[in-house]
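Here is a walk through a two-chain model, written for someone who likes cut-offs spelled out. Have a look at the structure first, then read on.

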Amino acid sequence: MQNGKAIRVEKLTKNFGEHLAVQGISFAVQQGEILSLLGPNGAGKSTTISMLAGLLAPTDGDAFVMGHSIRSDGAAAKKALGVVPQDLALYPDLSARENLTFWGKMYGLRGSALKQRVDETLQVIGLADRQKGRIDTFSGGMKRRVNIGVALLHKPQVVIMDEPTVGIDPQSRRHILDNVKDLNRQGMTVLYTTHYMEEAAELSNHIAIMDHGKVIAFGTHDELIKLVGEQARLELTLNVEANRVMDAWQHVEGVSRVTGSDGKLTVLADDSNRVLPRLFESATRAGGRITSVEIHEPNLEAVFLHLTGRALRD
Amino acid sequence: MRVIDLALKDLSQIIRDKKSALFLVIMPIVFTGFMGLALGRGTQTDSRLPLGFVTADASGILSQNLQSMLNESKTLRVVSATDETQAAEQVQQGTLAAALIVPANFSAGTLAGDTVNLKLIADVNTPGGATARQAVQAIVARVLSMAQVGKLSVEQINAVQPFSSDAARQTTMLNAIAEASHAWRDPQLTVTMEDAYAAKTSSAPSSFAQSSPGMMVMFAVFGLTTTAMLLVTERKTRTLQRMITTGMSRAEIIAGHVLAMFVVVFAQELLLVLVGQMVFGVNYAREPLAIALVMAALALWTASLGLLIGVLAKVEDQAAWWSRIAMFVFSALGGAWFPLEVTGQTFAMIGHLMPSAWAMDGFQNIVVRGLAFGSVLAPAGILLAYAAGFFGLAVWRFRFE
């Protein structure tokens, strides 16, 4: 199957009149992995996903889902896909079970197979005990879970999730993220869009950072962090004068720089987990004691800031 | 199969909506009764088509039979006119559906074997004019056949035993015509004909024969509020978009929604026809196939109109308002509230730009004018043409967002 690629995007372009929403992007999602499209609102993530899902026709370029072109073999591509739209696409006056049953029929399921898949999906999304409740009586998080469940009914090989955790409570968010990881563990390929860097960092095997319709960086989380070369920044407070430990700390393995005065020091290090115990030990030997520690790990926010000069949530 | 599943889902949503019962069932029945009583009390109108009758052969046997049969018509109501000019003016003004001019030598000339032409003044482009011509032609054909019977009888008898005098010949002729006339009025064998006037009584139809189909047409259009809003809500909740991601084609989605709308309107019509027949005494059952054809055509037209409104409306309020406006325009101008025949030719012509007027014609050709199956073909065809037009527009304008 095209060398293990579940999705292959080639120079995909979408223009809305003069507005270039997606500008010839290319990337691939390997089978069985989670790839996150990370970027601020308006970066072109949803437009990219809409093209993959068959909702928008590309202006140029093509994409392949399990080897099927979205332009010339759209029906087969759709069959391999489950799509979780950003907006809740459910019937509020029908129950969770009725919604799942209806959408199962739309995916071509019938009879006992349909009933079995609806039961299984209700278990997966954790709403088996609320299956008879009308959607309009559900909390935002429960609605989101049903919204995801619909896309899983026909056991697709690839699931596209467009910002599935927008506007929900932390508990439901946790449930959804755990669901995504579970599905991936079962072998499902996931293309996930988000503007929450924490979600992209937690879930993804690969991350494509998008901005202004372009993929501006692509790689694993660690590769992207290394791309900007930022080190962890440790802010430490001591109960003694800083200059009593500064010299010693300059020579601790893994520390690249120590600055500070009075009882406060800033240490730049490659790996805070390995360096921190050594700093404690060195401070003790110098007759001092560390009274507080703040660790600022390098993150995708910093990567985006480095690449665009703007914050991710701007 | 997915088309049917989609239609069933729509129907399930409509049935659950408590407002549906009010607008699709209760209000139409109540209004049918109310309008029927109001029309009956207020006007006591004879809804048969007014036919001007001018004869210069008042004493002629055929002319007398012609007038007598016209008087008994369930479709036509004979109105005396002084002369041809006045009758023509009245037809032009729309106060008469048609006028029949009988020349002085009609009876004598016809019985002598001459060709004597009757003159019918009518605008056959109007449904009233076309229906009147159809009805007059049927009656004239009967009268001419009576004349033929009279002539043949006289010839047969004369061949066996020649008449002793002209008076005897004349008496035999009149008797034969009288026998033929009697046979027409009380036939031993009846067959269903397009222009059969099989009514047992000549009394005017009840006012419910106006209100029942009228309210059926009105509430079929009003029912679009529910169905059009389904489509608007589906677009708003993004379920329409999601359907595309399941691999459903645009044609399947449109067909599913239209099927649901068709079933809703047809079921409503069926209920109103049953109530009209059993409660209000409107005789839909005399031509069930014809009624079913008009119902189906009306349901298809309103379903396609509902689809168009659902496609064009951006929000629920728009769908509701446009459906209401459609209801008032199509009902008022289409003759659902009062017969177009009483409004004059100009208004009737404008009214027939509305599909609803053709639906009313179709129903009333059966329940008021007593016509047969063939009389609904043109109205049903025109309704279907409107349905195709609205459907094409809706498909053209269909958007998922």
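Let's begin in chain A, with a pair of facing residues: in E14(A), His296(A) is the bridge partner of Arg233(A). The strands involved are E11(A) and E14(A), residues 290–296, which pair in the antiparallel sense over 6 bridges. Strands count as paired here if DSSP finds at least two bridges between them. Helices (H or I, at least four residues) and strands (E, at least two) are DSSP runs, numbered from the N terminus.

E11(A), residues 232–238, also pairs with E13(A), residues 264–269, in the antiparallel sense over 6 bridges. There, Thr237(A) has Lys264(A) in E13(A) as its bridge partner.

A word on provenance: this is a predicted model, in which local features need pLDDT of at least 70 and side-chain atom pairs count only at pLDDT 80 or more, while totals for chains, interfaces and linings use all residues. Residues are numbered from 1 along each chain as its sequence is written, and chains are lettered from A and ligands numbered from 1 in the order in which they are written.

**Chain B and its sheet**

Chain B has 16 helices and 4 strands. Of its 401 residues, 48% are buried, meaning that 20 or more other C-beta atoms lie within 10 Å of the residue's own; exposed is 12 or fewer, partly exposed is in between, and C-beta atoms are placed from the backbone. Among contacts in chain B with a separation of 6 or more, 80% are between residues 24 or more positions apart. A contact is a pair of residues whose C-beta atoms, placed from the backbone, lie within 7 Å.

In what order do the strands of the open sheet in chain B run? It is E2-E1-E3-E4, 4 strands with mixed pairing. E2(B), residues 76–80, and E4(B), residues 119–122, are the edge strands, each pairing on one side only. Neighbouring strands are turned by 25° against each other on average, direction ignored. E1(B), residues 49–55, pairs with E2(B) in the parallel sense over 5 bridges, and Pro50(B) stands opposite Arg77(B) in E2(B).

Two helices pack on this sheet. H3(B), residues 61–71, touches E1, E2 and E3 (98–102) of chain B, and its direction makes about 165° with that of E1(B). H4(B), residues 84–93, touches E1, E3 and E4 of chain B, and makes about 165° with the direction of E3(B).

**Helix pairs**

Here are two helix pairs side by side. Axes are lines fitted to C-alpha atoms, for helices over the stretch in contact, and angles run from 0 to 180 degrees between N-to-C directions.

| Pair | Angle | Axis separation |
|---|---|---|
| H11(B) (250–278) and H12(B) (288–312) | about 135° | 8 Å |
| H3(A) (96–106) and H1(B) | about 155° | 9 Å |

The angle makes H11(B) oblique to H12(B), whereas H3(A) and H1(B) are roughly antiparallel. The labels go like this: under 35 degrees is roughly parallel, over 145 roughly antiparallel, 65 to 115 roughly perpendicular, and the rest oblique.

H11(B) and H12(B) cross in the right-handed sense. Their contact includes Phe262(B) and Phe266(B) of H11(B), and Leu300(B) and Leu307(B) of H12(B). By class, the contact has 15 nonpolar, 4 polar and 1 charged residues. For these classes, Ala, Val, Leu, Ile, Met, Phe, Trp, Tyr, Cys and Pro count as nonpolar, Asp, Glu, Lys and Arg as charged, and the others, Gly among them, as polar.

The crossing of H3(A) and H1(B) is left-handed. A crossing gets that name if the near helix is turned anticlockwise from the far one by less than a right angle, and is right-handed if clockwise. Phe102(A), Lys105(A) and Met106(A) of H3(A) meet Arg2(B), Asp5(B) and Lys9(B) of H1(B). That contact has 2 nonpolar, no polar and 4 charged residues.

**Where the chains meet**

Across the whole interface, 16 residues of chain B are in contact with 18 residues of chain A. H1(B) (2–16) and H10(B) (239–245) each supply at least two residues of chain B's side, and H10(B) gives the largest share, 6 residues. By class, this side has 3 nonpolar, 7 polar and 6 charged residues.

**One residue up close**

Is Thr172(B) buried, exposed or partly exposed? Thr172(B) is partly exposed, with 17 other C-beta atoms within 10 Å. Its place is in H7(B), residues 166–185. Beyond its neighbours within four places in sequence, Thr172(B) is in contact with Ser153(B), Val154(B) and Ile157(B).
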